[in-house]
Amino acid sequence: MTASAEFPPRPERPAGWLSAEQITTARAQLPILYVDAVPVRVDESGDVVAVGLLLRVTREGVMSRALVSGRVMYHERVRDALLRHIEKDLGPVALPQVPASPQPFTVAEYFPTPGVTPYHDPRQHAVSLAYVVPVTGDCRPQQDALDLAWLTPEEACTEAVQVEMNGGQGLLLRQAMAWAGRLP
């Protein structure tokens, strides 16, 4: 018989949300951690056959294509943040296949100043861990997303689609498809 380990009690899980004023102050003083997810459909051999792109309206009223993206909350595992944002944007039955210990395909660093990196977010300096996430369930646009389009990787990487994406997400999508072996 083996002895069981005594684990310390789990700390109370904080809400993790900041007020509008607090997040504005934080964004002005330090980088904020985000996750970007490229939702994909894969065939039986694991090859990417479709990419899901959300249709959103920007603050300026412009229609744009977007990836699943969002902040990692205080005291939240990256894996849990990925699952939360995929459910928030694609619905509760998207059935994402996120491994127990996910590894990003790249790290994107968004700056409020255009041109520092290919990624730009006028609100803040953000560091985003980017993942390709297969989804197997029924995906429907949620929250502020107007539509969800499934495109082949080649269609998603065309110039026509790339110009519809803001802040460098088009480049991030191309990097994801190259990482998945769908672009040279």
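I started with Arg41: its charged end sits over the ring of Trp150, 4.6 Å from the ring centre. My rule for that was NZ of Lys or CZ of Arg within 6 Å of the ring centre and within 35 degrees of the ring normal.

Ground rules I jotted down: this is a predicted model, with pLDDT of at least 70 needed for local features and 80 or more for side-chain atom pairs, while totals for chains, interfaces and linings use all residues. Residues are numbered from 1 along each chain as its sequence is written, and side-chain values use heavy atoms, leaving out hydrogens and water.

Next I looked up aromatic pairs and got two. Rings of Phe, Tyr and Trp (its six-membered ring) pair if their centres lie within 6.5 Å; planes under 30 degrees apart are stacked, over 60 edge-to-face, the rest tilted. Phe105 and Trp179 are a tilted pair, 6.0 Å centre to centre with 35° between the planes. They sit 74 residues apart, Phe105 in the loop between H2 and E5, Trp179 in helix H5 (residues 169-179). Helices (H or I, at least four residues) and strands (E, at least two) are DSSP runs, numbered from the N terminus.

For burial I used relative accessible area: buried under 20%, exposed over 50%, partly exposed in between (1.4 Å probe, protein chains only). Phe105 is buried at 13%, but Trp179 is exposed at 52%. Tyr110 and Tyr119 are also tilted, because their centres are 5.3 Å apart and their planes at 50°. I found Tyr110 buried at 9% and Tyr119 buried at 6%.

Last, backbone: His75, not a glycine, has a positive phi of about 70°.
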